[in-house]
Every structure is written in structure tokens, then in C-alpha cells.
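Please consult the sequence and the structure while reading.

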Amino acid sequence: MDTPMDQTESQEPSGAPNSLPTGPAVAAMIAGGIGTAVLGALTVLAETGLRARDSLTWSTTVGPLSGETILAVGVWLASWALLHLALRGRDVKVRTALGLTLALVLLGVLGVFPAFFHLFAQD
Amino acid sequence: MGLTLREWATIFHGIALGGGFLLLFTGAMAGLHGLRAAALTGEGQRGQLALLRMVTSLMAAVAWLTVISGTWVINPWYRSASPTSPRSILVANPTTRAWHEFAFRLKEHIGWFSPILATVVAFVVAYYGSTLVNNNQLRRALMVLLSLAFVFATVAALFGALVSKVAPVQ
């Protein structure tokens, strides 16, 4: 399968590269931010009570981290696929996308920060 | 020198994989920074791109192996219900409880941010290839995300090492 770079190289044997729409890069960046934010949200959720913790405990030896991480990775990949399909042919501002990604990552950091998620501890 | 299987696994997770990720970061960052039109000839560009693709892909793979081995292999030993498990030892004593409640809880979660961000960087480098040379904004965005992946891995590695020092997996 040709990658975009291979296509570019085949079109431009002289070495002068074409530009590609920024959509796929933006989709990957924002999806990465979504993945981290979801992990943060699930970490907080697991603290809110035994029921939530049990529902995220997909492996008894690993604990709630098993469900939190598998779900976060699943949401990350699904959102990446959807965003990629939506943005693949479009030029999107990279700076705006980076700002959104950083905001989502910051939310993720807040969610996994013990001093924060302990605020929601019910038991 | 007799090390148990668990100690070997912890060393592999922390030193070989975690340390490898941190080392690869330097190469990836230098590669991204140097990938500028003004700094490269056509031949140099191809060589640098091939290296950058390899390093960023390896970085992402190593990051995934680190968190998967940490979560699914080391973590069950750490948190086992046995009174001699590191977690049991730490939470039983009020003076060491914070090592679990803060350091380990932060480490076990934040470490997962690194492979996600490293994969984003590896994908964009592979997808855009030589067009990255002329797209400074995208290249800079990748450097920011790569730096974040490094910071999160460093926090996880630091707290992992400190917790292991206080209550090692044996």
C-alpha cells in the first residue's frame, strides 16, 4: 500500500515534496487528546463508588485500571477513525488543533492527579 | 547475584523499556528539529526521514510495551492481597501510605499518556513524510506532543523508581 509520502515521491521524483491536507494530522492529535481526557474521566469515575469501580474492574488482578485503560484506548482509536474520515481531505489550522489537544491532555492530567480524583472518593 | 523472576521483570519494564523510551526521545527530538528545508539537502532529507520514521515508531512501540507490561504483569504483583505485597506494606503504615495513594496511583495512570501521544507523533511522521520539511507548524506541534510524551514517561518512571525503592516487587 502506498503511503502518502510514497505517492508524493512518485509524483515528484525531483525531490520537491507536495503538501498534504493537515486534516489527518489534526485528527490524530485531537484523538490523542480525547484518549487522555477519557482516561482522566474514567479514573475519576472509578473513585465515585464501589459500583463504578467494580464495573471498570475487567481483571481482578489488575483492578479498575484494566477497564479504565482498555476503554480509554478504545475511545481513542474510535475517535481517531471517525475524525480521520471526517477531516482527511481538509486543511485544518494546526495551531488551533494543538490548543484543543493540549486542553484535552490537561483535563486528562487533572483527572489522573490523585489530589483531584480523591475529592470524588466515596468509600 | 540472585534476582527473582519478578525482579527481572521489573528491571525489564523500568530500565530496558522505560529507559529505552527516554533515550529514543532524544533521537526523535533531534530528528524533528533538524527536519527543516534550510538545513537539509535532498539526500540528507531522505536519510533523516528514514531514521526519524524508525525512531518514532520504535518509541511508540516501546512505550506501549512499557505500559502493557507495567499494567498487566508488574501491577498484579504490586497490588496482590498478600500482606507482603508492596501495596499492602505501603498502605499498612501511615508514614508510607502516600507512596501508594499519590506516587503509585499517579504513575499507573499518567504513564498511559505517553504511548498515545508517541503513537500520534509516529503516525504523523510516517503519513506526512517529506512534506513535514516544509510544514514548520506541524513539525513544531509534533515536538510539543513528543515533549509531553517524554514528560509523562519521566514522571511515571521517577515515581515507579521511588516506589520500588521503598517497597520493591519481589
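A polar contact is a pair of N or O atoms within 3.5 Å; within protein, one atom must be able to donate a hydrogen and the other to accept it, and residues adjacent in sequence count only if both atoms are side-chain atoms. The model is predicted, so that local features need pLDDT of at least 70 and side-chain atom pairs pLDDT 80 or more, while totals for chains, interfaces and linings use all residues. Residues are numbered from 1 along each chain as written, chains are lettered from A and ligands numbered from 1 in the order written, and side-chain values use heavy atoms, without hydrogens and water.

**Exercise 1.** Describe the surroundings of Ser66(A).

Step 1. Ser66(A) is placed in helix H4 of chain A; helices (H or I, at least four residues) are DSSP runs numbered from the N terminus.

Step 2. With 0% relative accessibility, Ser66(A) counts as buried (under 20% relative accessible area; exposed is over 50%, partly exposed in between, with a 1.4 Å probe and protein chains only).

Step 3. The side chain of Ser66(A) reaches the backbone oxygen of Gly63(A) at 2.6 Å. A polar atom of this side chain also lies 3.0 Å from the backbone nitrogen of Trp58(A).

Step 4. Leaving aside residues up to four places away in sequence, Ser66(A) touches residues including Leu56(A) and Trp72(B); contact means heavy atoms within 4.5 Å.

**Exercise 2.** Determine the geometry of the aromatic pair formed by Trp76(A) and Trp64(B).

Step 1. Rings of Phe, Tyr and Trp (its six-membered ring) pair if their centres lie within 6.5 Å; planes under 30 degrees apart count as stacked, over 60 as edge-to-face and the rest as tilted.

Step 2. The search of the whole structure gives twelve aromatic pairs over all chains. For Trp76(A) and Trp64(B), the centres are 5.6 Å apart and the planes form an angle of 25°, a stacked pair.

Step 3. Trp76(A) belongs to helix H4 (residues 64–87) of chain A and Trp64(B) to helix H2 (residues 42–78) of chain B, so the pair joins two chains.

Step 4. Trp76(A) is buried at 2% relative accessible area, and Trp64(B) is buried at 18%.

**Exercise 3.** Classify the aromatic pair of Phe113(B) and Phe152(B).

Step 1. The values are 5.3 Å centre to centre and 85° between the planes, which is edge-to-face.

Step 2. Phe113(B) lies in helix H5 (residues 113–128) and Phe152(B) in helix H6 (residues 136–166) of chain B, so the pair ties together parts 39 residues apart in sequence.

Step 3. Both Phe113(B) and Phe152(B) are buried.
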